[in-house]
Amino acid sequence: MTIANLSDLTKTTSCPLLIVKVGSSLLVDAGGVRREWLQGLVSEIAEARARGQGVVIVSSGAIALGAARLGLEKGGRGSLADAQAAAAVGQIALSGLWADLLAAKGLTAAQILLTLEDLEDRRRYLNVTATLARLLDAGAVPVINENDSVATQEIRFGDNDRLAARVAQAAQANAVLLLSDVDGLFDRNPKEPGARLIERVDGVTPEIHSMASSDSASGMGSGGMTSKLQAAQIAELAGIALVIGNGVHGRPIARVAEEGIGTLFRPRRKAGARKAWLGGRLRLKGELTVDAGAAAALARGSSLLAKGVTRVAGMFERGDPVAICSEDGRVLAHGLAEYDASECARLKGHHSSEHAELLGYAPRSAVIHRDQLVLK
């Protein structure tokens, strides 16, 4: 099933399961919850369910709602403690809001709060997959948010754009719709004269990244265009289409799908489930720098051998995820290390025939096997 055009988002044949991410600025403004707008969106979700589409909602807004109730400055983002407290209060209000509005349309809401580690740890990731599958089979509408009340600065998504892409992987969705306060990706800052909306992107390249702005028009959320492009890369690896659309307007899904206003990121490839999970990881334990010969061999589908490693960074153990980088700093791949960091440091630059003498035992053939490696 392929999403070729924006209109395919609302077709059950091309998009049986859609992830809809709603930004904070769409849910909440200076006057509180934008209930009328939200009711319109829920009506669209009900219409999608009626035509046979599954829908998962990734909803921001807990911190903004909680900050308003607690009277916290800077929208609850003045400090980590403020954000955690605001999230604890706001999440109750947010889940209740979705539950009430969906119930009015005869739909059952199911709340799931996730941390980064829930989707970075393989076993917990599979548990999330199983839970989502069961909820969707039962006809529920999962409403997902990051568990900001316990997330820390070091171990968190930090924005719901990337969370939505990871949820799409776990749910095996067909497309992700990121509703934000912009029409899509522009070739430059959309505030600049002559800025042009990019309607379709076939693969996120450095050139595409150069078009991104980190600005969030509302100042209320945590994600800008850069986080959305990172989300597109995560989705792309899993063969999932991603769309950026403007949610400020009424009935935003129809505006994107029927009027064709938005940016469609079409995936160029589809990795296997395990490799898609690995390639979408945001938290890596270390980094291996490789020479030009090793980089070329990786591009041909080879394993990473120690001879091509020129630098080892980080503290990691066997089985931990690491980045493989070129000598100019570009991330070439993610992989699961066959050796710990200290062993890699001893082996780097050495031929396989020397490994047994260096380590004192019969070594494994590669630093990272090709079956545990995914190119970026």
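A: Gln 172 lies in the loop between α7 (160–171) and β7. Helices (H or I, at least four residues) and strands (E, at least two) are DSSP runs, numbered from the N terminus. The model is predicted, so local features need pLDDT of at least 70 and side-chain atom pairs pLDDT 80 or more, while totals for chains, interfaces and linings use all residues. Residues are numbered from 1 along each chain as its sequence is written, and side-chain values use heavy atoms, without hydrogens or water.

Q: What makes Gln 172 exposed?
A: Its relative accessible area is 63%. Exposed means over 50%, buried under 20% and partly exposed in between, with a 1.4 Å probe and protein chains only. The value of 63% therefore puts Gln 172 in the exposed class.

Q: What is the phi of Gln 172?
A: It is near 55°, a positive value in a residue other than glycine. Most residues other than glycine have a negative phi.

Q: How do you know that the "binding site" residues Ser 60, Asp 148 and Asn 160 gather at one spot?
A: The feature comes from an unreviewed UniProt entry; such positions are given in the numbering used here, feature names are shortened, and annotations may be inferred rather than shown by experiment. The three residues span 101 residues in sequence, but no two of their C-alpha atoms are more than 10.9 Å apart, so they gather at one spot.

Q: Why do Ser 60 and Asn 160 count as buried?
A: Ser 60 has 9% relative accessibility and Asn 160 has 7%. Both values are under the limit for buried, so both residues take that label. Ser 60 belongs to the loop between β4 and α3 (62–70), whereas Asn 160 lies in helix α7.

Q: Which residues does Ser 60 touch, not counting those up to four places away in sequence?
A: Contact means heavy atoms within 4.5 Å. On that basis Ser 60 touches Lys 21, Val 22, Gly 23, Ser 24, Leu 27, Leu 94, Asn 145 and Asn 160. With the neighbours within four places again left aside, Asn 160 is in contact with Lys 21, Val 58, Ser 59, Ser 60, Asn 145 and Glu 146.

Q: What makes the pair Asn 160 and Asn 145 a polar contact?
A: The term requires a pair of N or O atoms within 3.5 Å; within protein, one must be able to donate a hydrogen and the other to accept it, and residues adjacent in sequence count only if both atoms are side-chain atoms. The two side chains make such a contact at 3.0 Å, which is within the limit.

Q: Why is strand β1 (residues 17–22) called mostly covered?
A: Six of its six residues are buried. Leu 17, Ile 19 and Lys 21 point one way, and Leu 18, Val 20 and Val 22 the other. In a regular strand the side chains alternate between the two faces of the sheet.

Q: How many bridges join β1 to strand β4 (residues 54–59)?
A: Six, and the strands run parallel, with Val 20 opposite Ile 57. Strands pair if DSSP finds at least two bridges between them, so the six bridges meet the criterion. β1 also pairs in the parallel sense with β7 (residues 175–180) over five bridges, where Leu 18 stands opposite Ala 175.

Q: What makes β12 (309–314) and β15 (373–375) edge strands?
A: The open sheet has the order β12-β11-β13-β14-β15, with mixed pairing. β12 and β15 each pair on one side only. Within this sheet, β13 (residues 321–325) and β14 (residues 331–336) are antiparallel over five bridges; Pro 321 has Leu 336 as its bridge partner in β14.

Q: How do you know that the span of helix α2 (residues 35–50) agrees with what it should be?
A: The expected span is 1.5 Å times one less than the number of residues. For the 16 residues of α2 this gives 22 Å, and the end C-alpha atoms are 22 Å apart, so the two agree. Its buried residues, among them Trp 37, Leu 41 and Ile 45, pack against β1, α1 (24–27), β4, α4, β7 and α10.
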